[in-house]
Amino acid sequence: MKRKILCLGWVTVVLVALSAVSFSQTAPAPKKLKVFISVDMEGISGLVSWEETGEKGPDYQLFRRIMTQEANAAVEGALEAGATEVVVRDAHGSGRNILPDLLDPEATLIRDWSGGPLDMMEGIDRSFDAVLFIGYHAQAGTPDAVLKHTMNLSTFDIKLNGKPVPEAGINAAIAGYFGVPVVLIAGDLAVTIQAKEILGNIAVVSVKEGIGKAAKMIHPEKARKMIRAATVEALRDRARYRPYKPTSPITMEVMYTKEELAAKAALYPGTRRTGDRSVAFTHDDLMEVLKFYVTVTG
Ligand SMILES: [Zn+2]
C-alpha cells in the first residue's frame, strides 16, 4: 500500500515537473526588479515654507497630496520600467504624510518611525535593485536652497569622512551598505547638484530653484511627468549606477547650533568631542555609525 502511494507520488512529481517545464517555456517568469522609494517633503514641487510641511499649516493637506502624487509618478515610472515590487518610505516629519488611499495601489507604504538606524530608509535590504529619492532637499547651510537642513534644525552640518553631506548622502550610504545603487534624485536644484558631487552618476530631476528663501518652480503636473520619465530611463539604465560606499573606517561628525546638544551627544559611548558644538564617531561598520547618527540627531 505504501509502495503504491509512493509510485503515484512519483508520477505526480514527474507530471508537475513536466508541466512546470512547459509553463516555463511558454511564459518565462518576469525578471525581479525591486524598487525602494524614499520620499521627503521639502523638495516637492510648489512647496516653499516650513508652514507647508507640517500638520498645523493651513496648506499642509494640499502639499500632502502633491507629495503623494510625486511618489506616484515615481511608482508609475518604476512599473513602466518593469518593477516587480515597489516600496515607498514616507520619510518626512511624522512619517505619516503620504495619503495611503491616494498612493498607487501597486506600491507598499512604510509609515512612521521605528527608532532604528535605517531611519529615512526604513525597509531597505539586500533584496532591492534600485533606490529613488523624491522630494529631497539640500544640506544645512546651502545658499539658494529651499528649506535646507540636515536631519533637524538643531544641526548645522553633518560630515561623513570629513565632507559635508545632505541627508541624500547619508541615505545613499545606507542603500550602498545593502549593495543597492541610488539611480535618481528629485528635489530642488541645490540637492541635485550636491547628490551629483557625492554620488557622481545619478539621474536628477530639479522641480524648483531657490532664490534665497524664495523659489522659482515648475508646475506640479510638469514635475510629475519629468519624474515619471526620468524614473523609467534611470531604471532601464540601472546597470550604469553603482552603490555608494564610503571608505572604512567611517567617521561621522555632527555640528550643532548649541553647545549643550554637543555635550549631550558626547554621552553616546565611543563619541569624541571635536569642538564646543561638535562631536564625532568612527567605526568600520556603517550600521554602528548610523546608530550614533539616529541617537544624537533624533
Ligand atoms: Zn523632511
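Analyst: Helices (H or I, at least four residues) and strands (E, at least two) are DSSP runs, numbered from the N terminus. With that convention, H7 supplies three residues, the largest share, to the lining of the largest pocket. The model is predicted, so local features need pLDDT of at least 70 and side-chain atom pairs pLDDT 80 or more, while totals for chains, interfaces and linings use all residues. Residues are numbered from 1 along each chain as its sequence is written, and side-chain values use heavy atoms, without hydrogens or water.

User: Why is strand S1 called mostly covered?

Analyst: Buried means under 20% relative accessible area with a 1.4 Å probe on protein chains only (exposed is over 50%, partly exposed in between). In S1, residues 34-39, six of six residues are buried, so the description "mostly covered" applies. Lys34, Phe36 and Ser38 point one way, Val35, Ile37 and Val39 point the other way, and all are buried. In a regular strand the side chains alternate between the two faces of the sheet. S4 is likewise mostly covered, with seven of seven residues buried.

User: How do you know that S1 pairs with S2 and with S4?

Analyst: Pairing requires at least two DSSP bridges between two strands. S1 has six bridges to S2 (residues 85-90), in the parallel sense, and five to S4 (residues 130-136), also parallel; both therefore count as pairs. Ile37 has Val88 in S2 as its bridge partner, and Val39 stands opposite Ile134 in S4. S4 in turn is joined by four bridges to S7 (residues 182-188), running parallel, where Leu184 is the bridge partner of Leu132.

User: What makes the β-α-β unit of S1, H2 and S2 right-handed or left-handed?

Analyst: With the strands pointing away from the viewer, a path from the first strand over the helix to the second that runs clockwise is right-handed. The unit formed by S1, H2 (residues 60-80) and S2 is assigned as right-handed.

User: Why are the cavity and the pocket given separate names?

Analyst: On a 1 Å grid over the protein atoms alone, a cavity is a set of points where a 1.4 Å probe fits but cannot get out, whereas a pocket is an open set with protein on both sides within 12 Å along at least five of seven lines; lining residues have an atom within 4 Å of a point. Volumes are the space filled by probe spheres set on points joined across faces, edges and corners. One cavity of 30 Å³ or more is found in the whole structure. The largest cavity holds about 40 Å³, and its lining includes Ala172, Leu199 and Tyr244. The largest pocket has a volume of about 540 Å³. Of its 30 lining residues, His92, Gly93, Ser94, Trp113 and Met151 are the closest to its centre. H2 and H7 (286-297) each supply at least two residues of that lining.
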